[in-house]
4 protein chains.
Amino acid sequence: MSAVLASNSYGKSSVRLTKVTRHADRHELKEISVDIQLHGDFDRSYTHGDNSSIVATDTMKNTVYALAKNHPLIDIESFAIHLGKHFLANNTHVTQADVRIAEDSWQRIEVGGKPHRHSFVSGGNEKRTTHAACGRDKTALNSGLENLLILKTTQSGFVGFLRDQFTTLPETTDRIFATSVSANWSYMGTSVDWNGCFKRIRNAMLDVFADHESLAVQQTLFAMGEAALKVSPEIYQIELTMPNQHRLLVNLKPLALDNPNEIFVPTNEPFGLISGTVKRK
Amino acid sequence: MSAVLASNSYGKSSVRLTKVTRHADRHELKEISVDIQLHGDFDRSYTHGDNSSIVATDTMKNTVYALAKNHPLIDIESFAIHLGKHFLANNTHVTQADVRIAEDSWQRIEVGGKPHRHSFVSGGNEKRTTHAACGRDKTALNSGLENLLILKTTQSGFVGFLRDQFTTLPETTDRIFATSVSANWSYMGTSVDWNGCFKRIRNAMLDVFADHESLAVQQTLFAMGEAALKVSPEIYQIELTMPNQHRLLVNLKPLALDNPNEIFVPTNEPFGLISGTVKRK
Amino acid sequence: MSAVLASNSYGKSSVRLTKVTRHADRHELKEISVDIQLHGDFDRSYTHGDNSSIVATDTMKNTVYALAKNHPLIDIESFAIHLGKHFLANNTHVTQADVRIAEDSWQRIEVGGKPHRHSFVSGGNEKRTTHAACGRDKTALNSGLENLLILKTTQSGFVGFLRDQFTTLPETTDRIFATSVSANWSYMGTSVDWNGCFKRIRNAMLDVFADHESLAVQQTLFAMGEAALKVSPEIYQIELTMPNQHRLLVNLKPLALDNPNEIFVPTNEPFGLISGTVKRK
Amino acid sequence: MSAVLASNSYGKSSVRLTKVTRHADRHELKEISVDIQLHGDFDRSYTHGDNSSIVATDTMKNTVYALAKNHPLIDIESFAIHLGKHFLANNTHVTQADVRIAEDSWQRIEVGGKPHRHSFVSGGNEKRTTHAACGRDKTALNSGLENLLILKTTQSGFVGFLRDQFTTLPETTDRIFATSVSANWSYMGTSVDWNGCFKRIRNAMLDVFADHESLAVQQTLFAMGEAALKVSPEIYQIELTMPNQHRLLVNLKPLALDNPNEIFVPTNEPFGLISGTVKRK
């Protein structure tokens, strides 16, 4: 019998770094985690243990630190592209460099009503993300966010769904809707106001979620995607994943109490998982 | 041989609930997780499997839901006391009821610059906590917070420490100081403006952290505790735990680069763990 | 502007269940977590909030419980296919049902050297997995494992790799090799001795890992894949992902001590991530 | 106002290390995580930022590595004592050194039915633990285990408990009993066959759990503690914590199916938490 290598890639994941930029009046703080995956002709390492084409993953780590030193790191997108192009430029046998970056959220501590110049408090688990897929001919740039945890206490219902022998769920015109949004949008080019675009998309999605009368998680997802496309001509599509973080109405009747949509139990599992990709017509 | 029961307690943990209070102009949202532990004469359950003195932990869960229904839940402290007293009042063989509550942080989504009436976004991992230790004679009430993740990029040093055969750490007068604060303060009574007190203490600690010139994590901890006592006459002591979330300066010399306090690696472990309790003189 | 739905799917995730089968001489225990995702014509739910084609995810959950009741659940593969086909058979507008199952590992407690008839101890974090992609024309069946954490203390080296301006890693002919294997293999058909095949593949991979003289993680990955193909004619390819769980040799020289490959620090991040797919020639 | 330091301690946590001992016929592998906390006269660091009495936590980390190099590390208990005494001996102002160690479980891979000489597979999440509280006058040594996840499918009931207005739980004479045991036992001295004692206690607890007819988690806990004391004269008490990992019987009646104790849902929360300390009479 003989086996062959059908596909492969390798790299370094979770290269974390903190960059402090010391301006006279304030410090800028950036904390990111970088994942690198290279594609190319590495077959002989797999089949013969011949590492002569292998960029050590330790070298990738060093490269992230070194390039971060001389890059302004104003946004993660331009740094991801910069990293990806470095690996292509220095290694002719590499066909594609995938660089993914996740950025932690830090906010300035307010002291006396003013943002502090060098002290910060965590903005929570939400992460801004990007993925630069840098090939020889083109760079595809996707950005997004993860763990955007949102909840509305009303203006959400779910009626008219299919009923079969195993359906027990009652229809409802008023339920809690909570979800942890992951979004991933695709840019048309690589010369973009990355930070401005991120803010516009995030705000547009929050506005829709807050004000929208939801007839289904699916409908809200589509409306949020539509809003993102509307405020950001720089992108051509957006993929949204919205796990339903259920809040179940507690049955208080056995305890001789009414429960007019007041007391709920949050549950982690099982959870509905709703996905969709919205693009321009 | 014979064995005896030296001590025991039992209860229900992680009873999560969401309470929505529907005012005409806005909805209030409270998400909490409740832990209950009862102490008392339960020995025969342990030694003989005789459950006649056992309040089922499932009943505790139901009790949390039922009491939450008819309690305003403006603050976790008064609900914790209410729960603890319920178990004491209904079970003469219970000597102490420990009720611990952790509250998730939710903030209103801002739409058009205004806080939304019923839509929320997560405030992150930070939790507000309380512990009501309700005994027959007295109730001891501690409150605090967990996972308050803060970082300052300067005004932190560490010099003059002991050096022995295994010391390699260089002294530094300028480092990043990051920590995830846990605080636990002790109230003198049980009739307090709980929400106001919480805000005063949290703000006071943040102010000190931000502006303080830190000579040691220990010193900052003490100063934060001192500030908490100052702004809150309602408490008599505060215990602080501050794990040092190290940001290590990357040695870029092998990469032919300087690193004047710009590029750091965040590490999760090992970590310094600094604790202290500050009380009024 | 107008937007369209480019693609979509939805379902229920993390439907956990325990099945106990009570034989006269012993109980069988199965603990699984099921994820279901349906593809098909659900567009009007997204675009118009019209749920008339929506199988509620709550119904999916009930279906898992109901079908588990009357299925022997000897292996996760046949149950996944059974579930997938149910959703296709009952919903003509569904084009594909993806059912993923992860199985927890339980081992019988040994009492007096004999496996107990109804008492079990956890086998750890390793999970056996399967994915049945059930379409109208065919069912594609992949199985695998996750979190197979393995370590060898010698017979692993890494030399001859590329060196550039940012390379600092020394070559080594003797290092610790630790990894948490994820494997995912593809079956040619759907009538297979699933349990036997799983055992053969897992054992073959462990044998290679243990005895192999590793010149690179890549080489070991390929050799493990090759061995899996060899012992299991039922599969045509296997995808392996092997994150390198580094053990870094501690530099004890500053502490005036030698360290001849004795003391290492395990680190979680950053980590090398090596992937490859091996197929029959 | 003035504040004083009521108590304090500090140290280094999660100092992970791997020790490989290379015998001619086999390698021994030990992976541990060490926490150190020192108590003593460190007040001026807190109150004045004067670090002249501070052993840097970085030095503690180095000390762990250095002492591990020259210690056989046959068991975690003797290493914990060795570490604690080192800090006392080298720092006259330290009054107590608390050293806690958790050991990962590794098992040899079996190749051809024989344990491999240098290749290992994870034994899961269960950890063996110890805590040496080393004071000037005495050393108190506690050991134990964490995350011992066990389940029995029958011979567990729960009847005769209190019923009040909020009780809805039905009595049952046959349920699944699953728990993740934490045990912590106290040794009379510090000269003990640590490994032998650990095995005896763990086995005795498993035997009782497996064979015991449980009338309450409390009763099983006590019986397990009693068994531990019986097989190990070296200890004088044992504290057990047994969170109830509920498996809830699924109500299949709405799905037109019976469920004679066959299909259960595992839930993580809320969970019963049962604790007790058993000592010699």
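1. Let me start with how the copies meet: 100% of the interface residues of chain A are also interface residues in chain C, so the copies meet through the same surface. Contact here means C-beta atoms, placed from the backbone, within 7 Å. Keep in mind that this is a predicted model, where local features need pLDDT of at least 70, side-chain atom pairs count only at pLDDT 80 or more, and totals for chains, interfaces and linings use all residues. Residues are numbered from 1 along each chain as its sequence is written, with chains lettered from A in the order in which they are written.

2. The A–C contact involves 70 residues of chain A and 70 residues of chain C. Strand 1 (3-22), helix 1 (43-48), helix 2 (57-69), helix 5 (217-231) and strand 12 (271-280) of chain A each supply at least two residues to that side; helices (H or I, at least four residues) and strands (E, at least two) are DSSP runs, numbered from the N terminus. Strand 1 of chain A gives the most, with 14 residues. The chain A side divides into 29 nonpolar, 29 polar and 12 charged residues.

3. Pairing takes at least two DSSP bridges. Val4(A), for one, stands opposite Lys279(C).

4. Within chain A, the domain assignment (automatic or from a database) gives domain 1 (9-137) and domain 2 (143-281). Their C-alpha centres lie 30 Å apart. The contact takes 10 residues from each of the two domains. On the domain 1 side, strand 6 (127-135) of chain A gives the most, with four residues.

5. Over in chain D, helix 2 (residues 57-69) has 13 residues and reaches 19 Å from first C-alpha to last, close to the 18 Å expected, that is, 1.5 Å times one less than its number of residues. Of its 13 residues, 11 are buried (20 or more other C-beta atoms within 10 Å of the residue's own, placed from the backbone). The buried ones, including Met60(D) and Tyr65(D), pack against strand 12 of chain B, strand 11 (263-266) of chain C, and strand 1, strand 2 (27-40) and helix 3 (76-90) of chain D.

Notes. A residue is buried if 20 or more other C-beta atoms lie within 10 Å of its own, exposed if 12 or fewer, and partly exposed in between; C-beta atoms are placed from the backbone. Ala, Val, Leu, Ile, Met, Phe, Trp, Tyr, Cys and Pro count as nonpolar, Asp, Glu, Lys and Arg as charged, and the others, Gly among them, as polar.
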